[in-house]
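Here are my notes on the model you sent over. Have a look at the structure first, then go through the points below.

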Amino acid sequence: MAHFKKANSLNEWMDQRLGVNTLKKVMQSEYWIPKDINFLWAMGMVLAATFGILVVSGIFLLMYYIPDTKLAFDSVNYITMTEVGYGWLWRHVHGIGASLVFLIIYIHMFTGIYYGSYKRGRELIWLSGMLLFVLFSAEAFSGYMLPWGQMSYWAGMVITNLFEGFSPDFAGGALNSPALVEWIRGDYVPDQAFLGRFFMLHVFLMPLMIIGVIVLHFGTLRLPHVNNQEGADIDFDEAAALWKAGNKKESKVIPFSPVFLSKDVFVLGVYFILFFYLVFYNFSFAMDPVNFDPADGLKTPAHIYPEWYFLWSYEILRPFSKDLGLLAFIFAQGIFFALPFLDRSPNVAPAGRRGLFNIWFWILLIDCIILTFMGKLPPEGIWNVIGFWAAITFFALWIALPIITMLEKKK
Ligand code: HEM
């Protein structure tokens with residue numbers, strides 16, 4: 001047994017047993033952040049805080065939710081919303097949190113793309129981030145099933161149908177498996193087994209995995225450190241030594257806590273004003289009116305569409321035939337993972353200084369926004385044509401990326 005001296009304070013007592021001072025040291029004096037970063041670098045913390053809010057509000061909702069196809073709808077729309085004190089508040093907080101988390105994820109991703117934060121040793125930051133995106137998507141989708149409304153049921157039907165794979169005449173039927181769909185649903189159509197599974201995924205397995213991957217994401221940031229607005233290659237040891245020696249002005253870095261953390265907290269404050277404005281005055285933003293009708297397997301809604309954050313990838317699938325659409329969908333889901341390897345340029349710099357890449361970046365961003373709008377509209381007439389060309393543009397952009405970045409001159 002190690003030798004323990006009598007502790008003179010609670011802090012010393014905890015430090016002897018848990019090393020809390022080591023953690024403090026790492027956070028305050030050994031985790032350095034570049035000075036030259038703007039408010040967009042606070043989005044990671046905004047995401048972590050929003051995830052925390054989703055967990056807490058989810059725990060309150062879980063106290064009254066009943067994962068039974070006959071009772072689920074009323075347990076949410078009647079019991080939680082009208083009988084439980086402040087049940088409506090927790091539901092709105094959870095719904096708005098689920099929607100905003102995607103808005104912030106997209107801002108965080110496109111910030112990373114703009115500043116090239118996935119390059120030169122930062123590949124694992126990007127890959128773990130993309131894994132978080134996939135896990136959040138699964139978390140949001142499974143949560144959407146739980147109220148067992150019309151959109152829950154029909155979106156569940158459409159998305160699980162995708163697992164049937166390609167049509168029987170594609171590749172001799174080798175990639176067609178209706179049995180897989182039944183296996184996932186636990187039935188021929190979404191029903192009790194389906195709801196039970198998605199309930200388990202939503203309240204247990206997905207959050208557990210998300211917490212694990214957030215820890216991994218933070219871990220991947222430690223050695224390469226966060227990027228900066230100029231893409232400058234900072235010698236962190238040298239810059240930190242300058243700061244410690246009192247040359248704070250000349251040093252290119254600041255300690256994470258409390259210096260940078262105070263900036264994060266300021267951005268969080270502004271974010272929460274928007275968050276609670278939506279919770280109290282505009283909560284319909286995160287609720288689909290069709291989902292206030294109970295699930296009915298005999299009544300297909302006129303238009304089936306996912307939540308806004310999935311619309312861009314849904315629109316990539318929709319203009320094509322079944323097999324081509326599925327291929328397009330798989331491409332769209334996977335291609336962002338490959339970004340660090342498709343960008344062949346050695347330059348880490350903001351897109352604004354990277355010539356053709358700057359054009360590529362802005363077209364990609366606008367294209368994703370167009371796809372999102374088109375995904376919500378019925379696939380008819382001019383909307384269909386715009387959606388089709390926006391999907392084609394998406395593929396063309398990713399095919400062009402290695403070529404235009406190879407042509408980029410080394411700076
Ligand atoms: C949803 C959960 C996520 C959390 C809690 C999270 C958290 C963070 C935090 C705290 C940082 C450091 C500060 C900052 O740059 O904001 C960071 C950096 C980063 N994250 Fe995430 N992130 C998440 C999702 C993602 C996703 C979906 C991606 C995209 C694939 C991603 C890619 C990155 C990159 C590339 C950086 C490095 C930025 C730089 O070096 O400048 N993250 N993340």
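1. Let's start with leucine 401, which sits in helix H16 (residues 381-407). Helices here are DSSP runs of H or I with at least four residues, strands are runs of E with at least two, and both are numbered from the N terminus. Leucine 401 is buried because 21 other C-beta atoms lie within 10 Å. The cut-offs: a residue is buried with 20 or more other C-beta atoms within 10 Å of its own, exposed with 12 or fewer, and partly exposed in between, with C-beta atoms placed from the backbone.

2. A word on what you're looking at. This is a predicted model, where local features need pLDDT of at least 70, side-chain atom pairs count only at pLDDT 80 or more, and totals for chains, interfaces and linings use all residues. Residues are numbered from 1 along each chain as its sequence is written.

3. What does leucine 401 touch, leaving out residues up to four places away in sequence? Its partners are Leu342, Asp343 and Trp360; contact means C-beta atoms, placed from the backbone, within 7 Å. Asparagine 11, in turn, is 390 residues from leucine 401 in sequence and 53 Å from it in space, C-alpha to C-alpha.

4. On the overall build, the protein chain has 16 helices and 2 strands. Its radius of gyration is 24 Å, close to the 22 Å from the globule rule for 411 residues, so the chain is as compact as a globular protein of that length. That radius is taken over C-alpha atoms, and the rule is 2.2 Å times the number of residues to the power 0.38. Along the principal axes, the C-alpha atoms fill a box of roughly 70 × 60 × 45 Å. Buried residues come to 28% of the 411.

5. The chain splits into domain 1 (34-301) and domain 2 (305-411), with bounds from an automatic or database domain assignment. Their C-alpha centres are 21 Å apart. Domain 1 puts 23 residues into the contact and domain 2 puts in 17. On the domain 1 side, H5 and H6 each supply at least two residues, and H6 has the largest share, with 6. By class, that side has 15 nonpolar, 5 polar and 3 charged residues. Nonpolar covers Ala, Val, Leu, Ile, Met, Phe, Trp, Tyr, Cys and Pro; charged covers Asp, Glu, Lys and Arg; the others, Gly among them, are polar.

6. Now the ligand. Of the 26 residues around it, Gly44, Gly112, Ser117, Gly129 and Asn227 come nearest; near means a C-beta atom, placed from the backbone, within 6 Å of the molecule or strand in question. Helix H3 (43-62), helix H5 (87-115), helix H6 (123-145) and H9 each give two or more residues to this shell. H6 gives the most, with 7 residues. The shell divides into 18 nonpolar, 7 polar and 1 charged.

7. Helix H7 (residues 150-161) checks out on length: at 1.5 Å a residue its 12 residues should span 16 Å, and its end C-alpha atoms are 16 Å apart, which agrees. The expected span is 1.5 Å times one less than the number of residues. Buried residues in H7 include Gln150, Tyr153 and Trp154, and their cover includes H6 and H9.

8. Last, aspartate 191, in the loop between helix H8 (178-185) and helix H9 (192-222).

Notes: Two residues are in contact if their C-beta atoms, placed from the backbone, lie within 7 Å.
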